[in-house]
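Hi there,

Here is the structure I promised to hand over. Have a look at it first, and my notes on what turned up follow right below.

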Amino acid sequence: MRYTLEIQKLLNQAEELAIHPKDKVKYYLKAIYLADENDDVEWAFDLRINLLDTEWGLADRQHFIPTFTWLLDAYDQNPDLFDAEELLWKYKWIIDEVYSNPDVSLEQTEDILADFKRRIEEQGYGLRAYYTKRLHEALDQKDIEKTQEYLTLVNDIPRDHLSDCQACEMDTEVMTLLNGGNFHAGYEKAQPLLSKQYTCAHVPLVTHCNLTYHAIINKEEEIAAQQFKYAEEALAEREDESSLIRPIGQLIVYLFHTNKELAWQYVERYLPWNLESDRNRSFFFAKYMVEGLRLENESERITLQLPAEHPLYNDDNTYLIGDLHKYYHSIAINLGKQFDVRNGNSNFINQIVA
């Protein structure tokens, strides 16, 4: 059929012409429109899977939720046509998006998690993936007690095809130790990742960033410098993946401790990514900016090229450091309160330094 040729042409253009993932998204949206217009559910399903795969590396994932909602509905209407495991993997991504949006109530979040749990059990999988999502949220909230509770539950259940890869699971255990104040134990746990015995899309890059940050906070300057070097090398290969703005915030903290000139270069280079981030990434980036900027003299001025859409932007590109500090502190406080109101605690606000 003619429309299938047009769809294939769009896919070829996405691969051959679209340099940035954002450009690929545009081609996939056009292809999805054609598939929907011709009631080709199978094409439309596969194209939407590709769309999710492409947006995964972006901080701006505006099509994630509506796309997955369509996929879930299509699967429920035609379960024999589609791969349940692939859909459940995408469900894991969507749970992260739900946790990252404080407008989604705790009750709604629990309903979504219950639906995910029901579906994986119906397909014969264990609950390791389910408890892993709860573990990740406990880590974000820096809730040490719940982190240990869910880590135990995860490790008590055998791995299956819905489990995170070994690299990601090990990185999560490293984060658990670092969050709990056990830097040296976390560093030792990370060794198989640092030697690249286990790797994944963002591991060990995020491990290097996490260790860089915690090492400098723990005054382990040599380890911090080594991990920053590795993080910078890995980051150079992912210059389009704006979803990495959060670990980049950790590197900015390190640089304000060690190399202020490079710190400002990082701020200038990566701050635009934050402007398109969800509220979870924006909270953590603001939190890290506050931690870094508090090391600077607030009465000094800095020459900085901010994007025109940044609320503090001015034509002469000169800013009072104190104004930048106040701005990011207010962002962190505002977003932290939103998450804490949703979660019924003060776990986000408690992470913000004075």
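Let me start with a helix pair: H13 crosses H14 in a left-handed manner. Please keep in mind that this is a predicted model. Helix H13 covers residues 221-235 and helix H14 covers residues 245-258. Their axes come within 11 Å and cross at roughly 135°, which means that H13 lies oblique to H14.

On the H13 side, the contact is made by Ala224, Ala225, Phe228, Ala231 and Leu235. H14 contributes Ile248, Leu251, Tyr254 and Leu255. Sorted by class, this contact between H13 and H14 has nine nonpolar residues, with no polar and no charged ones.

Now to the inside of the model. How many cavities of 30 Å³ or more does the structure hold? There is one, and the volume of the largest cavity is about 70 Å³.

Three helices each supply at least two residues of the lining of this largest cavity: H7 (128-140), H8 (144-155) and H9 (166-179). By class, the lining of the largest cavity is made up of four nonpolar, four polar and four charged residues, whereas the contact of H13 with H14 has no polar and no charged residues.

Best wishes

Technical notes: Residues are numbered from 1 along each chain as its sequence is written. This is a predicted model: local features need pLDDT of at least 70, side-chain atom pairs count only at pLDDT 80 or more; totals for chains, interfaces and linings use all residues. Side-chain values use heavy atoms; hydrogens and water are left out. Axes are lines fitted to C-alpha atoms, for helices over the stretch in contact, and angles run from 0 to 180 degrees between N-to-C directions. Helices (H or I, at least four residues) and strands (E, at least two) are DSSP runs, numbered from the N terminus. Angles under 35 degrees count as roughly parallel, over 145 as roughly antiparallel, 65 to 115 as roughly perpendicular and the rest as oblique. A crossing is left-handed if the near helix is turned anticlockwise from the far one by less than a right angle, and right-handed if clockwise. Contact means heavy atoms within 4.5 Å. Ala, Val, Leu, Ile, Met, Phe, Trp, Tyr, Cys and Pro count as nonpolar, Asp, Glu, Lys and Arg as charged, and the others, Gly among them, as polar. On a 1 Å grid over the protein atoms alone, a cavity is a set of points where a 1.4 Å probe fits but cannot get out, and a pocket is an open set with protein on both sides within 12 Å along at least five of seven lines; lining residues have an atom within 4 Å of a point. Grid points are joined across faces, edges and corners, and a volume is the space filled by probe spheres set on the points.
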